[in-house]
Every structure is written in structure tokens, then in C-alpha cells.
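Hi everyone, thanks for making time. I'd like to walk you through one structure today, so please have a look at it before I start.

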Amino acid sequence: MTQVWPLAFGFAVIVFSGVGAAAYTRPPPGRILTVKSSESDSQPQQVRISIVNSDQMRISWITKDKNLPSLVEYGKTPGVYDSSASGESTSYRFFFYTSGNIHHVEIGPLDANTTYYYRCGGVGGEFTFKTPPSTLPIEFVLIGDLGQTEWTASTLSHINYSDYDILLLPGDLSYADSQQPLWDSFALLVQPQASRRPWMVTQGNHEVESLFPIFRIHPFAAYNARWRMPFEQSSSTSNLFYSFDAAGGEAHVLMLGSYAEYGVKSQQYKWLKADLAKLDRRKTPWLLAIVHAPWYNTNDAHQREGEGMRKNVEKLLFDAKVDIVFAGHVHAYERFTRIYDNAANPCGPIYVTIGDGGNREGLAYNFNEEHSSANLSVFREASFGHGRLKVLDKKRAHWTWHRNNNSNPDVGDELWIESLSSSASCMTVQSSATHYNDDEL
């Protein structure tokens, strides 16, 4: 059982958000939530799941008792566990803080689009999750810069208004910032959602936690120990960047590391180039990318912080015909047209900033028409919220952004998207941007 402070939603003064958005009452930062567990040391806590491959999931949880097994029992009927799997556990130290035992267990093979019931460590209550479908359609939820405030809780409640298959989080999870108990609090807060659907995450600046190199505290120590992603399965050398397939390989998702090396000689660049080279867009019509620091941004906040990565990596994504690039970091919502190299291009990705999940630092209000990419920005608004991408078939997807308007997740922006793989002109011409016209699709 977890205990959470009660919610109290307030509103600030009216602010005009800029292109494509009407006036809206902007919410102020919410209070930080303190979540504590009342379970015994032997009970599983902070339970969450993630994708390993097409028919396997990873179950992760923490126990304070370090002698309990890394065991998951599971089945398709409540209370009947006809399968089991064992895994491994780890822990880490951060100054005077020592984590509980962090368990990671891979289970499978699993049937697609199927509900499973499971128990961790041979004790405790029963959890349930549903595997993603093996073919389109599939629905992704996107939340950036989530944190653990009242607005975080609001966002989490809003994503439950309708079902989805996979949650994507482009960095800045707990905002622990070296206060390690906040990692525990965050995982308790998101457990009701993260234990039911796979959460696929990448790192943001608040995950680095390397402020004290003299004490030999390694960057990303907590993040890597707690949020283990399937990097080995995608031939990556680091938990900070990886990829995975969804819908039986009809969608491929690149989870990139804004705070890992990304130069042309880096491991991330070499891995990304090799990963993209394996794709057959006839079999994988949808290609998505997730970063933390946005490459295009008209907000004064974090202006040009993603520019170094853009200059090194953008051409790889353009040549591969990535459909959409999602980012966080800026605490607002913004959607751009299709872009390549600072110009509108019908064969470039759509860029979306979705860093408005509920962080403790508040919203980034100041959009500026003088920024270089202002003419490429289609819609922007400083409000807390989340996004949904429903990929319907090989050609069509529907994107919606939902603001946290009191208790109702209003649709603030939406767009029908056609996959670049369905465009004969985009898939046959050479990669140079000069070979494209600037007409919108």
C-alpha cells in the first residue's frame, strides 16, 4: 500500500502561448508528492515492466530484504501461475544511501495482446499486465519530464482515461538529483501504471547525478541500476541508448542518449548507424526516435542545447526517413512541421517536444518568434499534459496532445500523419536535402 499527498489543483494568470494555440489559463508548478510504502521489507515494491524483445518482458522491482529470490511466477489466469522465471538482483551505494535489492527477471515466451497475472519473489500481491499487439494498430503514450508532483499525478490519471500499449518517456524521470530516496518515491508513484504496461525510457539531464566526481560516484548509477532497458538485445553497448521493435516489427523505436557521446566516432553513433542499416522499411513502415534535449525549439528555455547532437546525428535520421522525433527537456508542448537541416522538408521527421509531464520546476512560458526555427513551429503551448500516437496501419497514424485541464484531458492539438515509407518520392531519391522541394505533404 502506498500513501500519497492529496491533490490540489490551482491555476495561474492567462498567458498567450503563441502559434496555433488560443489563450489558456496556465497551471503553476504542483507540490512535490511524497510517496512511502507501508509494506514489509519482504514485499515487492516499485514494480514495473519493460520490453525485452517480441515475446519477452522484463519485470523489475525492489525489496528491502536482500535475501529474497529474483523470481517471477506468471500465468493467464488470476492466481494460477503455471510458468516461472528467475533473474538477477543488484544494488548500489550513493554516499550514505544504499538501495534495496533491485530485481530484474525476464519472462517469456509470451503471447501478444494477452493479459498475464504475475507475482514477484514468491510473495505479495498479484499484478497484471497486457502484452503489446503483434501487428498494427498500436498506441503509444508519450510523457516527458515527469517528476513527482501533483501535476504528475494528474498526468498519470489522464493516461488511464483510455487504454494504450506502450509508454515512451524521453528522459527526466524522478528528478531525484542525487536525493536517492526520491528514486524510491517516484517508482512507488508510477507503479500502478508501470506494472501494467511496458515503460520504455531514456535518460535526461536529471538522471546524470555526477556532481561529486571526487567521491567516485559514476554518472547514471541509479538510473542504470533501476531502469534497465534492452540495450544488449539491440546490440548497443550502453543502457543509455538502444532500440526495440513494436507491433511485430512494423514500428521501430530508437531511444537515443542526449547525454551519451554522439560524435561520429562515438559508440552511440556507430551503433545507430548499424541499427538503421538493418531496417527494411517495407517490413518496418514506421520509424520513431526519442531524445531528451530537442533539436528544434522556439522556447527561451534550453535554447540550442540539442544543437551538438543535431549536427552529428540528424543526417542519419533523415537518410533513414525517421517519421517523428520526440523530445523532452523544455517544459512545454511544441510541434514542428517536417524538417531537415533547419528548413521545411517533406521527407524529414516531424519534431515534437513533449516535456510537460509534471516536473517540479514549472512550465517554460517564453516562446520567442526571433528564434531561428520559429517559422517551422506549427503549434506550441506551455501547459502540463501528455501525448498519444496511434499507429493505425502501414500508412496512417493519429497524434493527439492532451493538456491537463483540471480533471479532464482536453485534446489541445492533433494531426493525421502519413508514414514516409508510403511516399515513393521520399523513399527513392538521394539523401541530400537539395534533392527535395519544400512543399508540405
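How are α4 and α5 oriented to each other? Hold that thought for a moment. What you see is a predicted model, where local features need pLDDT of at least 70, side-chain atom pairs count only at pLDDT 80 or more, and totals for chains, interfaces and linings use all residues. Residues are numbered from 1 along each chain as its sequence is written, and side-chain values use heavy atoms, with hydrogens and water left out.

Okay, the overview. The protein chain has six helices and 28 strands; these are DSSP runs numbered from the N terminus, H or I with at least four residues for helices, E with at least two for strands. Of its 441 residues, 58% are buried. Buried means under 20% relative accessible area, exposed means over 50%, and partly exposed is in between, using a 1.4 Å probe and protein chains only.

Back to my question. The axes of helix α4 (residues 267–277) and α5 come within 10 Å and cross at roughly 10°. Axes here are lines fitted to C-alpha atoms, for helices over the stretch in contact, and angles run from 0 to 180 degrees between N-to-C directions. So α4 and α5 are roughly parallel to each other, a label for angles under 35 degrees, while over 145 is roughly antiparallel, 65 to 115 roughly perpendicular and the rest oblique. On the α4 side, the contact includes Tyr269, Leu272 and Leu276, and on the α5 side it includes Val313, Leu316 and Leu317. Contact means heavy atoms within 4.5 Å. The residues of this contact divide into eight nonpolar, two polar and one charged. For that count, Ala, Val, Leu, Ile, Met, Phe, Trp, Tyr, Cys and Pro are nonpolar, Asp, Glu, Lys and Arg are charged, and the others, Gly among them, are polar.

Let's stay in α5 (residues 307–320), where we find Asp319. Asp319 is partly exposed, at 32% relative accessible area. Its side chain makes a polar contact of 2.8 Å with that of Lys315. A polar contact is a pair of N or O atoms within 3.5 Å; within protein, one must be able to donate a hydrogen and the other to accept it, and residues adjacent in sequence count only if both atoms are side-chain atoms.

Another helix pair: α1 (residues 150–159) and α2 (residues 181–194) have axes that come within 10 Å and cross at roughly 5°. That makes α1 roughly parallel to α2. Here Thr152, Leu156 and Ile159 of α1 meet Leu189, Val190 and Gln193 of α2.

Now some strands. Is Glu139 buried or exposed? Glu139 sits in strand β15 (residues 138–142), and it is buried, with a relative accessible area of 13%.

Strand β25 (residues 377–381) has four of its five residues buried, so it is largely enclosed by the rest of the structure. Strand β22 (residues 333–340) pairs with β25 in the antiparallel sense over four bridges, where pairing takes at least two DSSP bridges between the strands. Within that pair, Phe336 stands opposite Ser377 in β25.
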